[in-house]
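Colleague: Hi! Could you walk me through this model?
Modeller: Happy to, let me put it up for us.

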Amino acid sequence: MQTRPPPAPSSSHVRRSSLPPILFFTALLTLSGALGIDAQDRNVLYSVEYIEARLRAPELLIAGMDYARPLEGDRSRRVTLAGPDGEVPMDARWKPVAAPGDGFNNAPRYELAAYEFQKLFLDEPEHVVPPVVLRAMPLEEYQEIRAVPGPTIRGTASVLFLLSYWVQELAVDTVDPFDPEMFDRNPGYAWYWGNVNLFTHLIGHRDSNHGNILVSMDGGNTRVFSVDNDVAFRSRVSAQGDRWSRLLVDRLPDRTVERLREITMEDLERALGVVAEFEIVGGNLHPVEPGENLNSGRGLRTTDDRVQFGLTEREIREVHRRIERLLSDVDRGRITTFPRHGADPALSF
């Protein structure tokens, strides 16, 4: 994030590109290798650091836009971001944030908190949430891309939207991605599914909508991802149910459980208390480095010159209690753990 506000955005900060939106996979790997950008696997083609930098780039060069999922009422779009300085295009998911910036199925702070939470106990190659950032754009500039009735935050002239990395090679044609038989016979699937189910349980995931949990189609790397997490924590349950908030497995990756034991309440407050902050300059929102929590009792905090997003103290304490209960169940033998040994080759990182 930038530590000081950038110049006031102009229409040049978002523009269409004539570059082709799709390149062959081999070309992507070749160029990313030449640039020194480490790919995690065929699902995540670049390092998290590189992806986050591209998603936060001051200028978005849009090479294409299409519907993200064939779901009625889905507001998300799949966009292709042309690469700066000749770098390869990168697909991302564009999800608008409607006014007032915090509400059911419209809580960017939950999406960002879920992304940051996983980092406390999962290494980068095991992340279950793709990189995501919260961006702001002047209303007039946003209107050139997508219709919107007005600014997201009252008293400002900007529209907020989430931009997340589009994970490759995922199955989207299954209503229920969890396969108990595969969990029993495939160590790699068991490892990754154990991590994602543990994650959805701890954040209190409350939306079992089709396509929110996706499984890799790469036969050599059975990763599982949770790609939509803004109906979680203290959100009400969606019409699709809250199946992912429950543990569907009776055993979990041992290394992940041990990492959970190291997490303190202070760690959670530091990581989740403030997940995004903007400075108001001339009515527009500009990203700044998250600072001191302005009000731990509210998730969306506004002052005359600041807009801040984060989990409330109550929401953080609930996450902490879920971790404690899960560890207690492990210690009592109600949930067992298993080592990563014997899992698929993709886990040898």
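Colleague: Let's start with α9. Which of its residues are buried?
Modeller: In α9, the buried ones are Glu315, Ile316, Glu318, Val319, His320, Arg322, Ile323, Leu326, Leu327 and Val330. Buried means under 20% relative accessible area, exposed over 50%, and partly exposed in between, with a 1.4 Å probe and protein chains only.

Colleague: And what covers the buried residues of α9?
Modeller: The cover includes α3 (108-118), α6 (187-202), β10 (251-253), α7 (254-261), α8 (265-272) and β15 (336-338). Helices (H or I, at least four residues) and strands (E, at least two) are DSSP runs, numbered from the N terminus.

Colleague: What span should α9 have, and how far apart are its end C-alpha atoms?
Modeller: At 1.5 Å a residue, the 19 residues of α9 (residues 313-331) should span 27 Å, and the end C-alpha atoms are 27 Å apart, which agrees. The expected span is 1.5 Å times one less than the number of residues.

Colleague: Which glycine follows α9?
Modeller: Glycine 333, and its phi is positive, near 85°.

Colleague: Good. Before I ask about side chains, what are the ground rules here?
Modeller: This is a predicted model, so local features need pLDDT of at least 70 and side-chain atom pairs count only at pLDDT 80 or more, while totals for chains, interfaces and linings use all residues. Residues are numbered from 1 along each chain as its sequence is written, and side-chain values use heavy atoms, leaving out hydrogens and water.

Colleague: What does the chain average for pLDDT?
Modeller: The average is 85, and 82% of the residues score at least 70. pLDDT is the predictor's confidence in each residue, from 0 to 100.

Colleague: Where does pLDDT stay under 50?
Modeller: Over residues 16-36, for one, where the model has 31 contacts beyond four places in sequence. A contact means heavy atoms within 4.5 Å.

Colleague: New topic: how many aromatic pairs are there?
Modeller: The structure holds 13. Rings of Phe, Tyr and Trp (its six-membered ring) pair if their centres lie within 6.5 Å; planes under 30 degrees apart count as stacked, over 60 as edge-to-face and the rest as tilted. Tryptophan 94 and phenylalanine 161 make a stacked pair, 4.2 Å centre to centre with 5° between the planes.

Colleague: Which strands do those two lie in?
Modeller: Tryptophan 94 lies in β4 (residues 90-96) and phenylalanine 161 in β6 (residues 158-165), so the pair ties together parts that are 67 residues apart in sequence. Tryptophan 94 is buried at 0% relative accessible area, and phenylalanine 161 is buried at 0% too.
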